[in-house]
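Take a look at the model below. Some questions and answers come after it.

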Amino acid sequence: MKRPALLIPLLLAGCALPGPRRPAPESAAVVPPPAWRNALPTGGPVQAAWWQAFGDPALTALVERALANNLDIQTAAARVEEARAAEALSRAQLLPQVGGTVPETQGQSISALGTTARSAAVQPGVTLSYDLDLFGRLRQATRAARAQLLATEAAADTVRLAVAATAAQSYITLRALDHRLAIARDTLASRADALRIARRRFETGYTSRLEYRQAQAEYAATAQLVPAAELAITRAENALALLTGDTPRAIDRGVTLERLATPPIPDGLPADLLRRRPDLFQAEQTLVAADRSLDSQRAAMLPNLSLTGAANLVLSTALAQPEVVFSLGASILGPIFDGGRLRAQERGATARRDQAAFAYRRTALTAFREVEDALAGVRRTGEQAQSLAEQATASRGALQNATNRYRAGYSSYIEQLDAQRTLLNAELSLAQARADRLNSYVALYQALGGGWSRSDVAAVTR
């Protein structure tokens, strides 16, 4: 859905009404931080299929399936249809109301000769009524309904973006769990070898029972990681199946966690990209709707002029030929005394407008925060993953040295045990850091309303 650029309209024009009109609070205005990002134009459309940047066909298919079948998206689409119906109903109030009637009457009359005659008459007619809306009460209500429709459509886009981001993050988490399960199984295989060696050394009397018991305990501690990872994988698959509108099922896998691509990010991102966020557009249109509703409520305090007309064709057995009857009238209705009801409604509409203004400011500030959090997450988790990769490499070499020393009889089993635990923790932490980094990319795409186009990236000075 193509949307106009953000207006940030916190001081909207009102109707000509007696008395001062209280403006929206100035504190609701939103100004981007001056040193936030490079200011760039946003001419190109948002990159819709941002999930393709990770280079995994299975991820792409999963996200597209979620967008097609997710129940939350379908519910949001139904809300849009309801808002369209409300907007159409509001527009209908501006048009003349035409109706038709076919009343039938029967009666009797007594002549001078004393005879009684029965007569029947049918009067089909057309009635017309039209509200001139001199002070814009209906027009402002229609504009409010239109703004509310745009806000509802933006809310549906927010749901779509959230579903796509959740599907991508859940898939990345699933691949991280697969990697954790592979690490647990590989570690369990190495623990089995260590246990077999410890048993043989104990049975030959080369070592004490202590080392054998330690090997057994370490093998059991590693073995429990496998069912725990399998349980987490099952739950993640079931959650993804629900997200795609399916019953619990197995989820197709694509590339491994290490091979998922990391999209390039420019050194600075334009603040105008936040205009593409559907939740920000929703907050803006909610503010517009509240302000138009306030205008409509203020116009309701003024007199209202309505025109009415009717035309009837009289068909009666008492008449030699049909007769046509016309009527035309006008009415002016204005409040004289209502006990303060209209004033109270006007104050309530003003308070709702102020609430919408502050909600818009909060949404805008939240958008800046989410972008900064996502950028910091991409940067810091990348540094963390690099350090953990170096730790895992060093721990793998230390384990090899400790194993060789233990088998040669130069060191105790506790050195090899410590090296095994260090390597296992480093590999599990590395898998989690890689998943966190990829999820930070997804969060950045979501925070920017769907990512950025190539022209935006090319325009940024690195």
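The turns below cover helix geometry and salt bridges.

This is a predicted model, where local features need pLDDT of at least 70, side-chain atom pairs count only at pLDDT 80 or more, and totals for chains, interfaces and linings use all residues. Residues are numbered from 1 along each chain as its sequence is written, and side-chain values use heavy atoms, without hydrogens and water.

Q: At what angle do the axes of α4 and α8 cross?
A: Helices are DSSP runs (H or I, at least four residues), numbered from the N terminus. Axes are lines fitted to C-alpha atoms over the stretch in contact, with angles from 0 to 180 degrees between N-to-C directions. The axes of α4 (residues 209-223) and α8 (residues 413-447) come within 10 Å, crossing at roughly 10°.

Q: Are Asp-178 and Arg-175 buried or exposed?
A: Their side chains meet in a salt bridge at 2.6 Å, N to O (Lys or Arg side-chain nitrogen within 4 Å of an Asp or Glu carboxyl oxygen). Both lie in helix α3 (residues 137-203), three residues apart. Relative accessible area under 20% is buried, over 50% exposed, and in between partly exposed (1.4 Å probe, protein chains only). Asp-178 and Arg-175 are both buried.

Q: What relative accessible area does Arg-196 have?
A: Arg-196 forms a salt bridge with Asp-193 at 2.6 Å, N to O. Asp-193 is partly exposed at 34%. Arg-196 is also partly exposed, with a relative accessible area of 42%.

Terms used: Helix = DSSP H or I, 4+ residues; strand = E, 2+ residues; numbered from the N terminus.
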